[in-house]
Amino acid sequence: MSFVYILAAILIFGVLIAVHEFGHFLAAKACGVRVNEFSIGMGPQLFHKTKGDTEYSLRLLPIGGYCAMEGEDEDTGNTRSFVRQGFLKKLVILAAG
């Protein structure tokens, strides 16, 4: 019986993270920031599809996920990168998750 609770907890945690990351994704797109990859889950890819500038992927482990934005870590020179946005847009994107 405890296995069912553990599995349910992992799935609920995964859904919460997916919703959180989807918030970042929607806000980034609305603010004109390029999103390189939107992923649900962690680990090896089970499925991926590229549409426009974004690669969408579903991964094996239902824990975690991420929204990888252009220029998240460093300035890539792209005007659509995260670091090139103004304070308000950055705040909206970070708070949306």
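What follows is a working chat about a predicted model of one chain.

Biologist: What elements are in the chain, helices and strands?

Modeller: This is a predicted model, and its chain has 2 helices and 2 strands.

Biologist: In which order do the elements run from the N terminus?

Modeller: The order is α-β-β-α.

Biologist: What box do the C-alpha atoms fill?

Modeller: Along the principal axes, the box is roughly 50 × 25 × 20 Å.

Biologist: And how much of the chain is buried?

Modeller: Of the 97 residues, 30% are buried. The chain exposes about 6,200 Å², and 69% of that area comes from carbon and sulfur atoms.

Biologist: What share of the contacts join residues at least 24 apart?

Modeller: That share is 44%, counted among contacts between residues at least 6 apart in sequence.

Biologist: Charges next. How many positive and negative, and how far apart are their mean positions?

Modeller: There are 9 positive and 9 negative charges in the chain. Their mean positions lie 8 Å apart.

Biologist: Which residues make up the largest nonpolar core?

Modeller: It has 11 residues: F25, A27, A28, C31, V33, V35, F38, C67, M69, F82 and I93. At least two residues of this core come from each of helix 1 (2–30), strand 1 (35–51) and strand 2 (54–69).

Biologist: Which element gives the most to this core?

Modeller: Helix 1 does, with 3 residues.

Biologist: Is C31 buried or exposed?

Modeller: C31 is buried, as its relative accessible area is 14% and buried means under 20%.

Biologist: And C67, buried or exposed?

Modeller: C67 is also counted as buried, at 5% relative accessibility.

Biologist: What does C31 touch, leaving out residues up to four places away in sequence?

Modeller: C31 touches Q85, K89, V92 and I93. One of these, I93, is listed in the core together with C31.

Biologist: Switching to N36. Where is it found?

Modeller: N36 is in strand 1. At 28% relative accessibility N36 counts as partly exposed, because that label covers values between buried, under 20%, and exposed, over 50%.

Biologist: What does N36 touch, with the residues up to four places away left out again?

Modeller: N36 is in contact with D53, T54, E55, A68, M69 and E70. M69 is also a member of the largest nonpolar core.

Biologist: Now L46. Where is it found?

Modeller: L46 is found in strand 1.

Biologist: Buried or exposed?

Modeller: L46 counts as exposed, at 56% relative accessibility, since the cut-off for exposed is over 50%.

Biologist: What does L46 touch, residues up to four places away not counted?

Modeller: L46 touches L58, R59 and L60.

Biologist: And how far is L46 from L61?

Modeller: The C-alpha atoms of L46 and L61 are 9.7 Å apart, and the two residues are 15 residues apart along the chain.

Terms used. Residues numbered from 1 in each chain as written. Predicted model: local features only at pLDDT ≥ 70, side-chain atom pairs only at ≥ 80, totals over all residues. Heavy atoms only, no water. Helix = DSSP H or I, 4+ residues; strand = E, 2+ residues; numbered from the N terminus. Buried < 20%, exposed > 50% of the residue type's maximum accessible area, 1.4 Å probe, protein only. Contact = heavy atoms within 4.5 Å. Areas by Shrake-Rupley, 256 points an atom, 1.4 Å probe, with all protein chains shown as cover. Lys, Arg positive; Asp, Glu negative; His and termini not counted. Charge placed at Lys NZ, Arg CZ, Asp CG, Glu CD. Core = buried A, V, L, I, M, F, W, Y, C linked by side-chain atoms within 4.5 Å.
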